[in-house]
Amino acid sequence: QVQLVESGGGLVQAGGSLMLSCAASRSVFSFNAMGWYRQAPGKQRELVATMPLGSISNYADSVKGRFTISRDTAKNTVNLQMSSLKPEDTAVYFCNAVQKWLGVERDYWGQGTQVTVSS
């Protein structure tokens with residue numbers, strides 16, 4: 001069973017920075033992709049950033065140039081460095097991992113961590 005545990009959320013003023021971390025229960029190399037999604041109140045969950053194994057990272061247009069996704073293979077974590085935060089970045093942020101095996105794709109999710117940006 002795969003477990004993903006997020007940490008690093010909290011309250012920050014607009015313009016500030018936070019780093020989210022997602023610890024996986026197995027090697028990050030066992031996943032075809034890892035990433036971050038977010039869900040604001042009353043809205044659908046949306047992609048923030050993904051890091052496919054062996055490919056370039058992808059970012060939502062709204063966070064390009066402000067957020068950076070990275071992977072720490074020694075700690076089996078995927079991190080999201082968030083800078084120049086805006087009130088519209090307020091949401092629950094979820095870690096995601098994807099495994100593809102014999103044509104079957106499985107998605108794993110963390111429990112989420114709240115990020116609140118005050119104006």
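This briefing describes residue E6 and the sheet to which its strand belongs. The model is predicted. E6 lies in strand 1, which spans residues 4-7. The residue is buried but forms no salt bridge, while its side chain reaches backbone nitrogens of C95 and G112.

**Charge and burial of E6**
- E6 is a buried residue without a salt bridge.

**Polar contacts of the E6 side chain**
- The backbone nitrogen of C95 is reached by the side chain of E6 at 2.7 Å.
- A polar atom of the E6 side chain lies 2.9 Å from the backbone nitrogen of G112.

**Surroundings of E6**
- Apart from neighbours within four places in sequence, E6 is in contact with S21, C22 and W36, among others.
- Further contacts of E6 include Y93, F94 and C95, as well as G110, Q111, G112 and T113.

**The sheet containing strand 1**
- Four strands form an open sheet in the order 1-3-8-7, and their pairing is antiparallel.
- Strand 1 and strand 7 (67-72) are the edge strands, each pairing on one side only.
- On average, neighbouring strands of this sheet are turned by 15° against each other, direction ignored.
- Strand 1 pairs with strand 3 (residues 18-24) in the antiparallel sense over four bridges.
- S7 stands opposite S21 of strand 3, and S21 is also among the residues in contact with E6.
- In general, strands of a sheet pair through backbone hydrogen bonds, in either a parallel or an antiparallel arrangement.

Technical notes
Residues are numbered from 1 along each chain as its sequence is written. This is a predicted model: local features need pLDDT of at least 70, side-chain atom pairs count only at pLDDT 80 or more; totals for chains, interfaces and linings use all residues. Side-chain values use heavy atoms; hydrogens and water are left out. Helices (H or I, at least four residues) and strands (E, at least two) are DSSP runs, numbered from the N terminus. Buried means under 20% relative accessible area, exposed over 50%, partly exposed in between (1.4 Å probe, protein chains only). Lys and Arg count as positive and Asp and Glu as negative; His and the chain ends are not counted. A salt bridge is a side-chain nitrogen of Lys or Arg within 4 Å of a carboxyl oxygen of Asp or Glu. A polar contact is a pair of N or O atoms within 3.5 Å; within protein, one must be able to donate a hydrogen and the other to accept it, and residues adjacent in sequence count only if both atoms are side-chain atoms. Contact means heavy atoms within 4.5 Å. Two strands pair if DSSP finds at least two bridges between them. Axes are lines fitted to C-alpha atoms, for helices over the stretch in contact, and angles run from 0 to 180 degrees between N-to-C directions.
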